[in-house]
Amino acid sequence: MSTTAIDPITLTVVWNTLMSIAEELGTTLRNTAFSEGVREGDDFSTALFDRDRRLIAQGNFSPGHLGSMPACIGHVSEYFPPETLRPGDSILLNDSFMGSGHFPDTFQVMPIFIDEEIIGYVACSAHQVDMGGAAPGSQKVQGVTESFQEGLRILPVRLVREGQIDEDILRLVLGNVRLPDKVRGDLLAQHTANLSAASRLRQLFLDLGTETVEAAYEIILDRSEQVMREALAKVPAGTYSFEDYLDDYGPDTEPVKMAVDITFDGLGAVEVDFSRSSDAVPAAINSYINYTRAYTIFAIKVYCNALQPQTAGNMRPIKLTARKGSFFNPSFPAPSGGRAVLQVRIFDAINGAIAKALPHRAMGAFSHWSNPNLGGFDDRTGRPFVMYDLSFAGYGGRQGRDGVEALSPVMNCSNIPVEVHETHNPIRVRRLEFIADTGGAGQWRGGCGLRKDVELLNSTAVFSNLTDRHRFQPYGLFGGEPGALGETLLNPDGNAQPLHSKGTYELKQGDVLSFRLSGAGGYGPAAERDPAAIARDISDGYVTPQGARDNYGWEPGPE
């Protein structure tokens with residue numbers, strides 16, 4: 001630990017500058033990206049590390065990427081020890097185990113030098129719209145039994161060598177993806193965003209001096225750890241358990257048990273254990289340990305220390321355990337392309353357990369979300385297209401507040417605008433609306449489900465569905481009712497064929513996909529709901545008069 005004294009003003013300047021750099025890195029990436037998923041969907045993340053590869057600051061983006069970055073940069077250093085790196089180098093990787101759990105997420109890590117000495121690293125991740133594999137979007141679950149079927153796997157490689165992009169590596173990557181223009185654009189956006197952040201971080205060191213900045217780092221990390229331990233120590237000591245189930249891992253398969261045991265020691269540490277969960281499954285939906293860790297840390301932080309920025313310091317008191325070979329700690333080559341569907345479910349499992357220790361902070365289960373991939377060859381251009389979509393519904397009710405509608409739970413992404421999809425893909429969005437009476441009834445109501453109908457204008461397309469909660473309702477808490485089940489229908493105004501939540505289908509022109517997301521769970525007994533709140537729900541269209549009668553015993557007052 002450095003003995004350099006840091007006054008409060010200097011420490012504040014360093015900390016605010018670090019946060020600004022991490023956020024600006026993300027802004028640069030968003031503004032220069034080519035794909036809808038990164039540019040409009042915010043499916044990316046950014047972070048800064050010190051010379052010892054400890055997380056110092058991160059942008060306010062996707063927890064799945066951010067929580068994976070410390071392990072990711074550690075793996076990079078195994079392949080490229082510091083002494084082998086040169087100014088201007090940048091390392092690319094997307095391996096599921098080393099990164100954030102599936103091939104579409106590409107990471108770029110750039111060392112920062114002053115006088116031939118590494119002073120730190122900047123890193124960013126971005127979800128690429130396609131990385132090859134068995135279906136457009138590289139997230140097909142059904143029928144994928146090993147990682148080799150999922151697309152191009154990139155172990156750490158030097159994409160940029162002393163400032164020069166290796167066109168051979170780039171050509172190899174782009175030759176294996178369906179949308180090379182978008183992937184190239186996003187990869188270069190990652191690189192340029194890292195360059196801008198590296199320049200600013202280097203300037204901070206030049207302005208204040210290496211000794212001062214690194215002394216500030218130690219204070220930031222130690223105080224982050226101290227505050228987290230103090231928060232964890234306030235949770236009643238004990239082990240709290242919860243079980244829930246993923247619908248299945250494909251048509252005609254069994255549910256996947258998601259079991260968690262959380263032990264708070266009362267002294268400032270916590271262990272989260274997923275070992276009682278199901279074994280890894282022969283479908284592309286397993287959760288590699290980095291991804292499990294990412295959302296574990298996120299969930300614990302939300303309940304115990306939500307407002308403090310995340311660093312390596314406040315990660316120290318949180319231990320993750322998951323049995324080797326289990327669903328939450330599979331071994332390569334377990335497939336995992338569809339693992340994105342799990343982040344809400346990991347959070348919900350932890351939420352269910354922590355509700356027993358901190359009932360005033362827990363909430364009913366989230367509605368689930370929809371992450372379908374629809375692709376083929378565009379009749380208008382003869383070129384491939386991939387519609388990568390993100391749709392979000394409601395939050396669960398919690399003490400003192402109803403669940404909010406149509407916000408991104410857990411992952412910090414955004415609904416991609418209808419106009420963007422229709423401009424870039426041969427589709428038309430026919431309907432986008434809340435589904436009344438789907439939020440779980442309760443003293444505080446769960447958020448509504450969401451309906452989105454998408455018509456295919458192209459002659460053909462391949463559709464990979466990726467959602468859940470078609471079989472197991474989002475749970476309510478403390479007497480609150482569960483949310484309504486979700487469903488996916490083909491041609492809802494025709495024969496309304498039910499589609500599997502993780503199935504893959506061939507579509508033809510004029511087919512309409514109707515995505516209907518589940519409602520979120522309620523909190524507290526419905527009988528205790530304020531009649532004025534019921535009347536507002538009816539007025540807003542969240543609840544119908546009949547739904548109010550059925551769920552709350554409501555009767556209209558006199559005219």
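**Strands β13 and β18.** I looked up β13 (residues 373-377) and β18 (residues 460-464) in this predicted model and found them antiparallel, joined by three bridges. Strands are DSSP runs (E, at least two residues), as helices are (H or I, at least four), numbered from the N terminus. I noted F463 of β18 as the bridge partner of L374.

I traced an open, antiparallel sheet of four strands in the order β14-β13-β18-β21; two strands pair if DSSP finds at least two bridges between them. I recorded β14 (384-388) and β21 (504-508) as the edge strands, each pairing on one side only.

**Model and numbering.** I worked with a predicted model, in which local features need pLDDT of at least 70 and side-chain atom pairs count only at pLDDT 80 or more, while totals for chains, interfaces and linings use all residues. I numbered residues from 1 along each chain as its sequence is written, and side-chain values use heavy atoms, without hydrogens and water.

**Helices α1 and α7.** I found that the axes of α1 (residues 8-32) and α7 (residues 210-233) come within 10 Å and cross at roughly 80°. Axes are lines fitted to C-alpha atoms, for helices over the stretch in contact, with angles from 0 to 180 degrees between N-to-C directions. I therefore call α1 roughly perpendicular to α7 (65 to 115 degrees). Among the residues making the contact (heavy atoms within 4.5 Å), I listed W15 of α1 and R223 of α7.

**Strands β8 and β9.** I found nine bridges joining β8 to β9 (residues 256-264), an antiparallel pair. I noted F264 of β9 as the bridge partner of G238.

Definitions and conventions: Parallel < 35°, antiparallel > 145°, perpendicular 65-115°, else oblique.
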